[in-house]
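Let's take a walk through a protein together. Have the picture ready and follow along.

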Amino acid sequence: MRRLDLTAEPRWLDLSHGVRLRVAPLTTALMVASRSDPAVEGLSETASDEERALVFAKAIARRAVTDWEGVGDADGNPVPITPGGIDALLEVWPIFEAFQ
């Protein structure tokens, strides 16, 4: 049985290493918008499944992440959420795996 939870409120997603992301619900609209992301559309036909997964996860995260905790610069200072910051965070393998 599929339980429908139509709550439109963001929720906290605990990843690893003290990182938490507040994410919007994964709706059809969010998925469609992510599929239309320029990075996704610009993928080569020869891109590997792994490359496609990373590019698509970043596209989703750039749209879904509304807040984060446990993300900082080289000195440990909290940093604001930016598209580039989200992309950099997902380059960390355990974070990518937990997010995916």
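Which residues make up the covered face of strand S2 (residues 20–23), and which the uncovered one? Leu21 and Val23 are on the covered face, while Arg20 and Arg22 are on the uncovered one. In a regular strand, side chains alternate between the two faces of the sheet. A quick note before we go on: this is a predicted model, where local features need pLDDT of at least 70, side-chain atom pairs count only at pLDDT 80 or more, and totals for chains, interfaces and linings use all residues. Residues are numbered from 1 along each chain as its sequence is written, and side-chain values use heavy atoms, leaving out hydrogens and water.

Helices (H or I, at least four residues) and strands (E, at least two) are DSSP runs, numbered from the N terminus. Two strands pair if DSSP finds at least two bridges between them. S2 runs antiparallel to strand S1 (residues 11–14), joined by four bridges, and pairs with strand S3 (residues 65–69) in the antiparallel sense, also over four bridges. Follow arginine 22: its bridge partner is tryptophan 12 on one strand and aspartate 67 in S3. S1 and S2 form a hairpin with five residues between them, and histidine 17 in the turn has a positive phi of about 55°.

Now find lysine 58 in helix H3 (residues 49–64). Lysine 58 counts as buried because its relative accessibility is 13% (buried means under 20% relative accessible area, exposed over 50%, partly exposed in between, with a 1.4 Å probe and protein chains only).
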